[in-house]
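Trainee: Could we go through some of the charged side-chain pairs together, setting each value against its definition?

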Amino acid sequence: MTKKFYPMRTPVVEPIASMTDQLTFTALGEDILTIVIDFLDQSYPSSLAELVLVSRACKNLVDPILYRRVEIKGQPEKQLALSTQLLDRIQNPDDTISGYIRHLSVVDFEESLTPSLADKLENAVAALARLHTFTWDTNLRIPEAFLFLLERQWPNVKLHVNKHKRRVVDARLLYSPLMTTLSFGVLNHTATVVATNQLAQYSMFTELKAILVRTTSLKELDVKFEINRISSGGATGSPHVLNLPLEPGDKIPPLQSLSFSGPEETYEFDIEHCKLLRQCMDWSQLRRLDLGLNCPQHLFAEVGCQLSGLRSLTMGIRTGGRLYRNWKVGPLTCDSLDQAAAFIEAVPGLHELNLTDLNASVRTIAPAILRSQNSLRKFSYLSSLYRHRPRNTISNRVWTTQEIRWLYRQNLKLSQMEVDFPLDGGKWCIKPCDYASTLACFSRLDKLRVVVELDNRASDFGVATERDIGWGVDTPKFDRKLGEKVTKELFKGFFRKDPFARLRNLEVCFTRIERYDRRQNTEVTFPIKIRRMERDDAPSPLKGGYKIKSPSRWLGGWGY
């Protein structure tokens with residue numbers, strides 16, 4: 001039988017040029033490119049301005065993200081000129097940015113809008129293809145024609161109003177059916193001898209109540225307390241406790257976010273008012289509650305069982321009377337720490353929990369958190385520097401390694417954490433089972449901040465000082481070199497434990513109190529920050545793939 005032979009076929013090889021074309025940035029596909037650009041916008045926003053200059057294709061990809069949020073600023077003059085040019089571009093039918101803008105803000109205008117600028121703003125809004133939110137954050141009344149255009153053309157837009165900086169009462173704006181977010185400023189103390197100022201202070205809450213009972217679309221409310229020192233004939237201002245003058249039958253829209261920011265213990269959570277708060281609002285819709293440093297036991301008792309939808313909680317931990325410049329006034333915050341612990345246990349399922357401990361009460365609060373919370377993503381537990389405590393209570397204000405490890409194990413999505421870091425007799429020691437080694441095991445963390453309190457005794461980072469150290473000129477020098485060294489070691493420890501650790505940002509914040517006399521003191525800090533390099537060619541964090549930043553001196557100043 002004769003054998004047949006067949007010629008060998010030559011394989012077809014793609015030209016190298018066509019292979020390299022497939023590996024270009026713009027050839028990755030629109031979905032992947034959108035994810036990449038969104039990541040750059042969140043993590044490295046300055047890089048988008050550089051990416052625009054690479055090519056026309058990159059510009060077309062980046063512009064929709066770059067111009068998604070636009071601010072029209074009135075100050076300084078250079079920003080005003082740039083904002084005017086931007087408004088001209090939005091009105092230009094040959095320019096495409098009008099189709100990209102989704103969020104528009106008007107901020108920092110102290111003087112009245114010129115007629116030409118008001119017309120440009122009105123024409124720019126009319127030229128937009130789509131608008132999701134509009135923010136008015138200025139000291140000016142909003143032009144009536146502009147607000148009418150906004151309500152007519154964008155009836156579903158979310159209007160954000162910041163009344164914190166504004167002294168004029170703009171009823172047309174505050175009663176707009178578009179308003180979903182309100183930041184409302186309130187003066188928190190006036191002179192007792194000036195009756196008119198005291199009455200004006202109360203009328204601000206009366207104005208806020210009128211807004212709340214009239215609006216139906218409000219979802220987020222932030223009550224900002226401002227310090228206003230007014231005196232007459234040398235008299236010193238004193239605090240006035242305030243709250244909304246609610247009455248039975250009043251109805252407040254079901255808020256999703258409620259915040260009280262500013263000096264602590266300014267809003268009066270008395271028992272009768274808390275009962276009215278419970279009756280006037282549907283608390284089951286609330287997602288975020290920020291009480292600042294307040295720990296109101298009456299509010300806990302009235303609404304604790306109704307916060308089924310709460311996902312973010314910020315509050316202080318304290319018992320005892322209201323403190324203002326070391327004078328006790330007003331009712332108790334909480335009769336016992338058990339009331340604060342019970343409230344935390346009553347709101348399981350939190351995604352974010354921020355606590356400031358003014359009573360060195362970790363041994364009571366930590367078990368309540370561990371029993372009730374297993375879905376945390378952000379967690380902060382810091383001991384206030386202004387607490388009244390004996391020197392030897394470090395065990396009562398810092399989580400143990402066992403407790404912090406247990407917290408991390410049962411909250412698998414925890415990515416951001418902020419805790420106190422204990423010193424061992426004033427020394428920073430790194431041992432196999434110490435606090436630093438325990439934190440280094442948390443490989444899922446993306447951001448970590450630890451606070452190290454330095455007292456007047458000598459430590460590795462500075463010499464001992466007297467209790468009263470003058471007007472800030474005798475503050476002991478901080479050992480910056482040692483501070484950076486221990487920060488680097490803590491950062492590298494994560495990647496020695498796990499080369500694939502997710503940590504990108506670490507801050508070690510050294511802090512202390514400077515006391516000038518019995519009534520006056522100030523907090524100073526020395527923050528040292530490390531950020532991991534994200535470039536593809538960046539070295540490993542163990543080999544220097546990070547950037548470290550620290551100040552040259554203590555930060556902070558004199559104050560109460």
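Mentor: Glutamate 484 and arginine 480 both sit in helix H16 (residues 480-497), four residues apart, about one turn of the helix, where helices are DSSP runs of H or I with at least four residues and strands are runs of E with at least two, numbered from the N terminus. This is a predicted model, in which local features need pLDDT of at least 70 and side-chain atom pairs count only at pLDDT 80 or more, whereas totals for chains, interfaces and linings use all residues. Residues are numbered from 1 along each chain as its sequence is written, and side-chain values use heavy atoms, with hydrogens and water left out.

Trainee: What makes glutamate 484 and arginine 480 a salt bridge?

Mentor: A salt bridge requires a side-chain nitrogen of Lys or Arg within 4 Å of a carboxyl oxygen of Asp or Glu, and the N to O value for this pair is 3.4 Å, so glutamate 484 and arginine 480 meet in one.

Trainee: Why does glutamate 484 count as buried?

Mentor: Buried means under 20% relative accessible area, exposed over 50%, and partly exposed in between (1.4 Å probe, protein chains only); glutamate 484 has 17% relative accessibility and therefore counts as buried, whereas arginine 480, at 35%, counts as partly exposed.

Trainee: How do you know which parts the pair of aspartate 250 and lysine 209 ties together?

Mentor: The side chains of aspartate 250 and lysine 209 meet in a salt bridge at 3.2 Å, N to O. Aspartate 250 lies in the loop between strand S8 (238-239) and strand S9 (257-261) and lysine 209 in helix H9, so the pair ties together parts that are 41 residues apart in sequence.
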